[in-house]
Structures are given as structure tokens and as C-alpha cells.
Amino acid sequence: ACAALVVRRRHPVITASVVLGTLLLQDVVGVPRNGPSAPVIYVLLACYSLGRWTSWRAGLPMVFGVVVAILAIPVSDGGRSLEFGDVTFVLALAGPAYGFGLLVRRLAERNAELERVTEELRHERELVRRQAAAAERARLTRDLHDVIAHSVSAMVVQASAADAVLESDPGRARASLREVTDTGRQALAETGAVLRLVHDQDNEPGLDPDTRLTDVEALVDRFRQQGLAVDYYLDGTLD
């Protein structure tokens, strides 16, 4: 019976059957049934294993069979009728052990479900994080495009103007080249500011540009000075 308990997790029904068979046959090998108390422990563990490691459809009939078989032992030995104390003792032996096994099984299943839900939440959180990172990269790409595109366009216009008047008006050509230099430096500064936003993860700054709506007039004037044709019309105020 003790050896059968080794496989109680994988084969709880077989374990209970072996324990019960051992109790029924121990008198055959000369061990009185009313002598040792160790079989009580075997029955407790067997009934607990039925509740813990198998479904109630298979475990409950087996526990019922264990109870009936144990109650039949004194009747078969001495031919006496069952007493209330006998029934109470056997039920108190098998019932709580089986019920405790069911409780532990339910708690284990709930823990497994919680682990599964936790893993799903972790996966969803990682997916949301990746989506947020992709959206942030898209915003950075737009910011870089906005910063670099107008600066490069202005530099191309100024360089073309300098090339056109290089021989006829060297002074204007030098002024255009200075504009190219200033625009390039400004583009580098703005690009560096955007890139610093990527690396600054602790403060998590926003990606709003330094230029605000109230600076639109100065921005238009700067584009015009760089040689770009800009039409600007304001209906109302920017305050």
C-alpha cells in the first residue's frame, strides 16, 4: 500500500485500488485488520489523491467504493451488523481527505488560470509597447522630415541663386552662400534637438517643435529671406 502511493499523482485510481486491496487482503497474510494503524494513513492519502489528481467523475465513485469496502470488513469478519460509530468513523476518514484534495485541485487550477491570464496581459502589454514605439518612430520620422526638408530646400534655392549671380554679382552670391551656411547649421541644430528626444527616455519629453504658432510671421520672413516664395495671409490674431 505504501509503494502504491509513489504513483498516486499519475495514477490515483490505481493507487486507491491497491490500498483498498491491501486492506482487504492483509488478513490473508496474517496481519490482523484491527491491529496496525498505518492503513489509516494510506486510506487518507489515497482519498486525498483521488480528489487532487483526478476528476470528480472518476474520484467520487472510487471514494464511495472505498467507504463501502471498509464498512464491509467488520461485517465479513465477525458477521455483526454495522453501528453508527463505524459509519461515522469511515466517513470522517475518507470524506474530509477527498474534500481537501478537491479544494487543493481547485486552487491549483485557479492559480494556473491566473498565470495564463498574467502571461496574456504581459503579451498584450508588450504588444502595446511595441505599437507605441512604432508610433513614436513614425512621429520622429515626420519631425525629421519637417526639419530637414525645408532647410535643404532653402539651401538648394540659395545655392542655385549664388551660382546664377556668381560672376555678375559676387556680393549677392556670397550672401546667398552665407544663407546656405546658416541654414545648414540651423538644420543640424534642429536635427540634433530631435535626436536628443529619442535618447532622453527618463524625462520622456514630447515631440512638439520649438516653433510655435505665434512665431509663424518670423518663420515666413526667414523663408522669404532664404529666397522661397511664400504667400502669407492671417485672418484674425494668433493670441
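Predicted model: local features only at pLDDT ≥ 70, side-chain atom pairs only at ≥ 80, totals over all residues.
**Group meeting: a helical chain and its salt bridges**

Let me turn to the secondary structure. The chain contains 6 helices and 0 strands, so that, by the DSSP runs used here, reading along the sequence gives the pattern α-α-α-α-α-α. As for how the chain comes together, if we take the contacts between residues at least 6 apart in sequence, 63% of them join residues at least 24 apart.

I will begin with the surface, at the loop between α1 (12-25) and α2 (38-53), which is where Val 28 is found. Is Val 28 buried or exposed? Its relative accessible area is 67%, and because anything over 50% counts as exposed, Val 28 is placed in the exposed class. Val 28 also belongs to a nonpolar patch on the surface, together with Leu 24, Leu 25, Val 29 and Val 31, and the accessible area of these residues together is about 460 Å².

Next, the aromatic side chains. A search of the whole structure finds 1 aromatic pair, and, as a separate matter, there is a charge placed over a ring: the charged end of Arg 52 sits over the ring of Trp 53, at 4.0 Å from the centre of that ring.

That brings me to the charged pairs. In general, side chains of opposite charge can pair when their charged atoms come close. With the cut-off set within 4 Å between a side-chain nitrogen of Lys or Arg and a carboxyl oxygen of Asp or Glu, how many salt bridges does the count come to? The count comes to 6 salt bridges, and I will go through some of these in helix α4, which covers residues 84-164.

Consider Arg 122 and Glu 119, whose closest N and O atoms are 2.8 Å apart in their salt bridge. Both residues lie in helix α4, 3 residues apart, which is about one turn of the helix. Arg 122 counts as partly exposed at 41% relative accessibility, and Glu 119 is likewise partly exposed, with a relative accessible area of 43%.

Further along, Glu 126 takes part in two pairings that I would like to describe together. With Arg 129, Glu 126 forms a salt bridge in which the closest N and O atoms are 2.6 Å apart, and because Glu 126 and Arg 129 are 3 residues apart in helix α4, about one helical turn separates them. With Arg 130, the side chain of Glu 126 meets in a salt bridge at 3.3 Å, N to O, and here the two residues are 4 residues apart in helix α4, again about one turn of the helix.

Which exposure classes do these residues fall into? Glu 126 is partly exposed, with a relative accessible area of 26%, and Arg 129 is also partly exposed, at 48%, whereas Arg 130, at 53% relative accessibility, counts as exposed.

Finally, there is a network of salt bridges that links Glu 113, Arg 116 and Glu 120.

Definitions and conventions. Residues numbered from 1 in each chain as written. Heavy atoms only, no water. Patch = residues over 30% accessible without salt bridge, like charges linked within 9 Å, V, L, I, M, F, W, Y side chains within 5 Å. Areas by Shrake-Rupley, 256 points an atom, 1.4 Å probe, with all protein chains shown as cover. Buried < 20%, exposed > 50% of the residue type's maximum accessible area, 1.4 Å probe, protein only. Phe/Tyr/Trp six-rings, centres within 6.5 Å; stacked < 30°, edge-to-face > 60°. Lys NZ or Arg CZ within 6 Å of the ring centre and 35° of its normal. Contact = heavy atoms within 4.5 Å.
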